[in-house]
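Subject: Handover of a structure

Dear colleague,

Please find the sequence and the structure below.

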Amino acid sequence: MDAKQGKNFDLSSVFLPFLSIIVALAFGGLLVLIQGIQPLQAYRVLFATAFGSFDGIALTLAKATPLILSGLAVAICFRAGLFNIGAQGQLISGALASAWAGYTFVGLPTLVHIPLALIYGAFFGAIVALVAGALKAYRGVHEVITTIMLNSIVIALADYLTSTPFKEPDQPLTRTPKIQESAQMPDFLGLPLGFFLAIGLSVTLWWMMRKTTTGFSIETIGRNKNAGWYAGISVKKTVIISMLIGGAVAGIAGAVETLSITGRFEPAFNAGLGFDGITVALLGRANPLGVIPAAILIGGMRASASTVQFEAGVAPELVDLLLAMILFFVTAPLLAKFFKSRKENVAMTSGWSN
Amino acid sequence: MKLRSIHYLPLAFVVTFAYFYRQDGLVATSVLYTAIQFALPLALAAMVGIMCERTGIVNIGIEGTMLISAFTAFFAGAILQNTGRGMIVGVLTGVIMGLLLAVMAITWKMDQIIAGVILNILAAGVTSFYYRQNYSIPSTLDPIDLPVVGAWPILGPVLSFHGPITYFGVLIVFTLWFALYKTSWGLRSRAVGEHPSSADTAGVSVTRLRYLNVTIAGAVGGLAGSYLALEAVGIFERGFTAGKGFTALAIMIFGRWNPLGAFAAALFFGLTQALTNQLMIAEVVEIPFQFVTMLPYILTILILAISAGKVRPPAAEGIPYEKEKS
Amino acid sequence: MFRRFTTLVVVTALTALGFATPAKAASESDCGTGRLFCIGLVTDTGKVDDKSFNQSAWMGAQMAAKVNGGFAKYIETTDPKDYAKNIGQFADKKYNVIIGVGFLMAEAMTTAAAKYPKIKFIGVDQFQGTAVPNLTGLVFPEDKAGFLAGYLAGHLTKTGKTGAVLGTEVVPPVRYFGEGYRNGVAYAAKELGKKYPASKLIYHAPDNAFNDPAWGATTAQQLLSQGFDVIFGAGGNTGNGALLRVAKKKGAYCIGVDSDQWGTLPEARPCLVTSAMKLIDKGVAAVVASIVDGTDKGGNYFGAVGLAPLHDFAKKVPAAYQAKLKAVTPKVLKGTIPTGVKL
């Protein structure tokens, strides 16, 4: 749907989301007001922290980076008519694998070590997704079941590996050793390097979806499996490819977190990123470029939540309330109808009916 | 009906059970009893999904529906000092969540996955934001000793002494199965889920039926939430549904969108959880606990991979109905 | 469209005006001036009203603030990757003492202590391998509390079957509590000359390990229906779920964890014979007191552990057992009776 919109550019497609966010904030404010808290003060702190200074922006982008990637992981699968609830498990697998590559290989130059660790992350993220993809393609096992089950399996497996074979020696905690200095992702122009990588991947996947046969196959089976079959597209192969792409991207999300933020793998540190990815993908309308602003918005709110609590005394759940409101007003046709916009409200996910 | 490998499972189960019952009757019945308890919230939540999806509405907001219903059920029960009234409030909250989903998915024709995600995030945010300490309900919904059944050998200790919502939940499962396959409401519902335009031509109001079913499903979700807060534990904590609403989606698909199938799938999953615990109690295996706790998930995937066979969800699922199109 | 837009802007603006009232004066502007003693607390991922260790630590911070005429404030962490940032919020406002709760924060605290040498840090559950002068690790010998709980359990059980419903094994305090409990039961059995099977430790799967009370309840039910009659619940809400289920079974005992759960979980009173406590609140207050009078040296501060009062069960538990428990307690706490838990 987005491909067609680009041609006759419609002001409302830019203007409406912004307006929706403002209305969402107003309604979110009402919910906060019930608690006897001043929403304006909270919002001022929220946005000043997230977007009001260079450091704030850098932190927002660092938070947005894994969200862009896990959003992409979910979005690409949505395009193929697959619901990848397993981004969380794929992300954890990638985070652990890259940590292993990061601390095991010694003496590599940075230019080799970082890409190598990222490849490990992508590979092991893809492996997890491959299980779901292959079972779907060859045994007809629904990906919603397998990805949910695989999340729990991967979390338990990562927990075991980090508590026994990969554990940092001579200390009681469940965590891997720290990665070598050569594997630490640096900043680029003061901004996290991973962010540029995420943008690069978004653009690449956007291009792939529009210009390559793989992208065409994914879009086609996403719209209608039978049509894909008639067009001579191998549905099995395409299902597996989409899951592999999704898993690899989610794995890279985990790898970037390990290599630039946590510096090691510790089970609790990657909680929730994969599930936020679903929200990001939906807010970005399952468009590889759309996930970028969605992730920056959510990343900014997550980045400043603790400052809002510190300065305005509002509990960090404020972010969840606002997220629900924003998702609601951005996607509900209320405002569009208000402006008599003729834009049809098109469903972009096919649930699991495909 | 074609006999598939999955149909041998019950047989394998009975043989295994008989073997263990001879070893230790108390443990064997206790595992089955526990399996039912693990299964119930999943089964109830799966019924929510089935009711919605059979009429063509995807509902991934089950987790949120359960969480917020548990919240209102608990706090209403605590404030009114009446557990029964708390349950009514919980069920009504579920109805409201169902209506909310219906408005978004049916009237506004929003993307149904988004609508469900909105319910989930909203519930997580609201329940966490407005949570308060130092409330307690006067009493939990206590287990009932079934009069005749309780005295039966073997089955007695398995089936008796569950809570009221558990028994009512099982009743819902069978009623829903009967209603879906043996009544005209069920026929119309399934028709709307498969081919809404034909159903429309035949004089069924697609919108009204979908509204009705999604709302009733919401009530069942409210009951599932009330179960957690009022019967299973008697407290409310933030996020304490712990992903059960999502596992229920897997259970629903595992059971092929059939109430009895989903119930069986939930029982299977509950049984694997009870067995996982039993492995830790028996301490027979010297393997790390992480691997033991993976058992339910691995077995589910394995069973599905072996039994295979394509599952086909209701055809019109996820697609908003446009009258003009027909 | 324009008119509708104006309407909306006006409505939004009016709503906004309704929210606008002057912000309250920030009382922490006096922190670091010497005029006000400021204590900041950063929670482990979770809330200060979690009925568990975050709550105990926050109560300790409030107690300390009250005693020293100071001011206490908290930040609730939602993402472990924010630990450093949240600590930094307090540090930048020149708080005198910053408390970080939970072993996950250990690394961030060490880094912060080096970065802000003038501020004193308290790390709850953070063992200090190498002593840093401005960072005190408040740690607890949980195995001893667990051992005492097990000792009492070993005396109370009639069937000889005891168990524990726990969070995940890889969280050190949980394992210490659980294994201490098991060894305490064995010690009591030996003393009584009985051959009880080893106490069973049931762990939740690693995800949602501390927030699945329904699982805890059902698991406790499984144990109860197999004749287990003393159950130790240690694992946040998961453990609480177990206690609540045992409370419904006549004649069964349950043992709580961390704080005296007679107060924090009154619903469990029918079975709650005692709780294996680690007194985080008192420990925090004590470390802050040592900071105030300048006697703190960093390194580790071993907080107090022990069993909570038996409350109503003081009448039900045989006096002989209570006397034995009283006799054993100091020996276990001093270490003359080893708990046998590998730390």
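Between the two domains of chain C, 9 residues of domain 1 are in contact with 11 residues of domain 2. Please bear in mind throughout that this is a predicted model. On the domain 1 side, helix H2 (53-67) and helix H10 (280-292) of chain C each supply at least two of the residues that touch domain 2. By class, that side of domain 1 of chain C has 3 nonpolar, 3 polar and 3 charged residues. Domain 1 of chain C comprises 29-140 + 282-291 + 294-302, while domain 2 of chain C comprises 142-278 + 304-334. The C-alpha centres of these two domains of chain C lie 30 Å apart.

As for chain C as a whole, its secondary structure comes to 11 helices and 12 strands. The C-alpha trace of chain C spans about 80 × 60 × 35 Å along its principal axes. Chain C has 343 residues, of which 60% count as buried. Among the contacts in chain C with a separation of 6 or more, 68% are between residues 24 or more positions apart.

Chain C also meets chain B: 28 residues of chain C are in contact with 29 residues of chain B. Strand E7 (200-203), helix H7 (213-225) and helix H8 (236-246) of chain C each supply at least two residues of the side that touches chain B. Which of the elements of chain C gives the largest share of this side? That share, 8 residues, comes from H7(C). The residues of the side of chain C that touches chain B divide into 9 nonpolar, 12 polar and 7 charged.

I turn next to chains A and B. Their contact takes 40 residues from chain A and 45 residues from chain B. On the chain A side, the elements that give two or more residues are helix H6 (110-139), H7, helix H12 (273-283) and helix H14 (318-331) of chain A. H7(A) provides the largest share of the side of chain A that touches chain B, with 11 residues. That side of chain A has 24 nonpolar, 12 polar and 4 charged residues.

One helix pair across these two chains can be described in detail. Two packed helices are described by the angle between their axes and the distance between the axes. The axes of helix H7 (residues 143-163) of chain A and helix H13 (residues 289-307) of chain B come within 9 Å and cross at roughly 155 degrees. Angles over 145 degrees count as roughly antiparallel, and H7(A) and H13(B) are therefore roughly antiparallel to each other. The crossing in which H7(A) passes H13(B) is left-handed. From H7(A), the residues making the contact include Ile145(A), Met149(A), Ile153(A), Ala156(A) and Asp159(A). From H13(B), they include Phe291(B), Met294(B), Tyr297(B), Ile301(B) and Leu304(B). By class, the contact of H7(A) with H13(B) has 12 nonpolar, 5 polar and 1 charged residues.

Val291(A) is placed in helix H13 (residues 291-312) of chain A. Ser234(A) is 57 residues from Val291(A) in sequence, and the two are 28 Å apart in space, C-alpha to C-alpha.

The other two residues concern backbone geometry. Most residues other than glycine have a negative phi. Phe161(B), although not a glycine, has a positive phi of about 65 degrees. Phe161(B) is found in the loop between helix H6 (155-159) and helix H7 (164-182) of chain B. Phe161(B) counts as partly exposed, with 18 C-beta neighbours inside 10 Å.

Asp258(C) is likewise not a glycine and has a positive phi, of about 70 degrees. The place of Asp258(C) is in strand E9 (residues 253-258) of chain C. Asp258(C) counts as buried, because it has 26 C-beta neighbours inside 10 Å.

With kind regards

Conventions. Residues numbered from 1 in each chain as written. Chains lettered and ligands numbered in written order. Predicted model: local features only at pLDDT ≥ 70, side-chain atom pairs only at ≥ 80, totals over all residues. Domains from an automatic or database assignment. Contact = placed C-beta atoms within 7 Å. Helix = DSSP H or I, 4+ residues; strand = E, 2+ residues; numbered from the N terminus. Nonpolar A, V, L, I, M, F, W, Y, C, P; charged D, E, K, R; others polar. Buried ≥ 20, exposed ≤ 12 C-beta atoms within 10 Å, placed from the backbone. Axes fitted to C-alpha atoms, helices over the stretch in contact; angles between N-to-C directions. Parallel < 35°, antiparallel > 145°, perpendicular 65-115°, else oblique. Left-handed = near helix turned anticlockwise from the far one by under 90°.
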